[in-house]
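Subject: Structure handover

Hello,

Here is the structure I promised you. Please open it first, then read the notes below.

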Amino acid sequence: LGFPFLIRQYQIMFVNYTMEVRIDNLIFSYILMVCIGRLWGERVATSKIPTRTSSNSREHQKQGSIKDSTAILTKKRKSQTVQKAVAPEEEEACITGSTSTDDDEAFASDESTASGVSSLPSPSALESPTEERKKLASPLPEYPANNGESCWSKPQPDIFRVRGKTYLTDRIKIPSAPQPFDCLGVDIWLSDNPERHIARHPSVLGGKLGEVDTFVVNFLLPFGNFVSYFAIPPLEKFPPNLAQVWGKFLAGDQQYRDARLKLLPVVVDGPWIVKKAVGSGTSPALLGKVIPLQYYFKSPDKDKKGIYEVDVIVSASRIGNGILSVVKGHTNTLTIAFAFIIEAAEEEELPETALCTFQMHSIHLEDCPQLPEYNLDEL
């Protein structure tokens, strides 16, 4: 098919030559093209051979290394069998690593996996007569009790930065003055159905809630209730500006309270990822903007003290659950302080002061008590 095509092309190109000359040129061109094509095909075929050869050589090397590793493991298994029979005390030394190198330990690990039998002592040999961890009671112990774990304390107020006297003009924050509300205790109750208005429950604060006027903050979490309790002092013991702020907060409606109550967490000690999730500890969050709040305020009467409960429904907030999911996995290595602040939005309300504070240390959630079942709707 190609030969007639070449004849037509050469007839056009060499119209001044004789037919014999054109045919000779065409025959020579055709032979030249065939030779070049064969040479090119042989070159391409030859270039593919080393790739296959190298691939095959690598496969052989891989199989050889597997065989060598198997042979080494077999020899080591035989040598360990002899050691067990001759000198049992040497086996213990190898387990503790006193006479072995890192490579020996790696081979021993591979051998254990291959044979299906661990070279470590059985679990029964490692058991010691230690007591089981006891469930904690209500309220949680105060630091440094319980070896400084799963307990609470009262932090220094100056770790919390609040709005200064001239904040509305210069935006400067200052360390907080001492908080007027004293922390009475903290509860962490485990429950599949966290309770709202938990102040009604007879078990909270060890059954002592209601002995004094109390401010209660109840965090409803997906796994239970996290509750803190604070004694409210007489109004004359408040700083003048804070007494005004507290009075407005009690008298305000839902919208006013949501726009004023702030939470400032400060990670005192903990992993970087928790510090990143919680924040720098200088910018408090208006709880009502991101988390639903409910208020159960009961003023004192002749027979009973005043109980002012704020429910923070974290389980209903996507943002709150996101932060909690990070913090929950690190509670046993975390020391975190909390401050509740009523925002000072007017000049006469400044400077701000943290209303109440508390601090948690190395919480082991598995040690916290279950919330006793109680029909609170009957109360």
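Strands here are DSSP runs of E at least two residues long, numbered from the N terminus. One caution: this is a predicted model.

**S228**

S228 sits in strand β6, which covers residues 224-231. Is S228 buried or exposed? S228 counts as buried, because its relative accessibility is 0%, and the cut-off for buried is under 20%. Which residues does S228 touch, leaving aside neighbours within four places in sequence? The contacts are G185, V186, F215, V216, V217, F340 and F358.

**Salt bridges**

How many salt bridges does a search of the whole structure find? The search finds eight.

D182 belongs to strand β4 (residues 182-190). K154 is in the loop between β1 (151-153) and β2 (161-163). The pair therefore ties together parts that are 28 residues apart in sequence. D182 is partly exposed, with a relative accessible area of 36%. K154 is partly exposed too, at 40%.

*E352 and R163.* Here the closest N and O atoms of the salt bridge are 3.9 Å apart. E352 lies in the loop between β11 (335-342) and β12 (356-361), and R163 in strand β2, so the pair links parts 189 residues apart in sequence. Are these two residues buried or exposed? E352 is buried, with a relative accessible area of 4%. R163 is buried as well, at 14%.

*E349 and K248.* The two side chains form a salt bridge of 3.0 Å, N to O. E349 is in the loop between β11 and β12. K248 is in helix α7 (residues 240-251). The parts that this pair ties together are therefore 101 residues apart in sequence. E349 counts as buried, because its relative accessibility is 1%. K248 has a relative accessibility of 28%, so K248 counts as partly exposed.

**Network**

Which residues do salt bridges with shared partners join into one network? They are R163, K262, E343 and E352. Two of these, R163 and E352, form the 3.9 Å pair described above.

**Where to look first**

Start at S228 in strand β6. Then go to the loop between β11 and β12, where E352 lies. E349 lies in that loop too. Finish with D182 in strand β4 and its partner K154.

Best wishes

Definitions and conventions:
Residues numbered from 1 in each chain as written. Predicted model: local features only at pLDDT ≥ 70, side-chain atom pairs only at ≥ 80, totals over all residues. Heavy atoms only, no water. Helix = DSSP H or I, 4+ residues; strand = E, 2+ residues; numbered from the N terminus. Buried < 20%, exposed > 50% of the residue type's maximum accessible area, 1.4 Å probe, protein only. Contact = heavy atoms within 4.5 Å. Salt bridge = Lys/Arg side-chain N within 4 Å of Asp/Glu carboxyl O.
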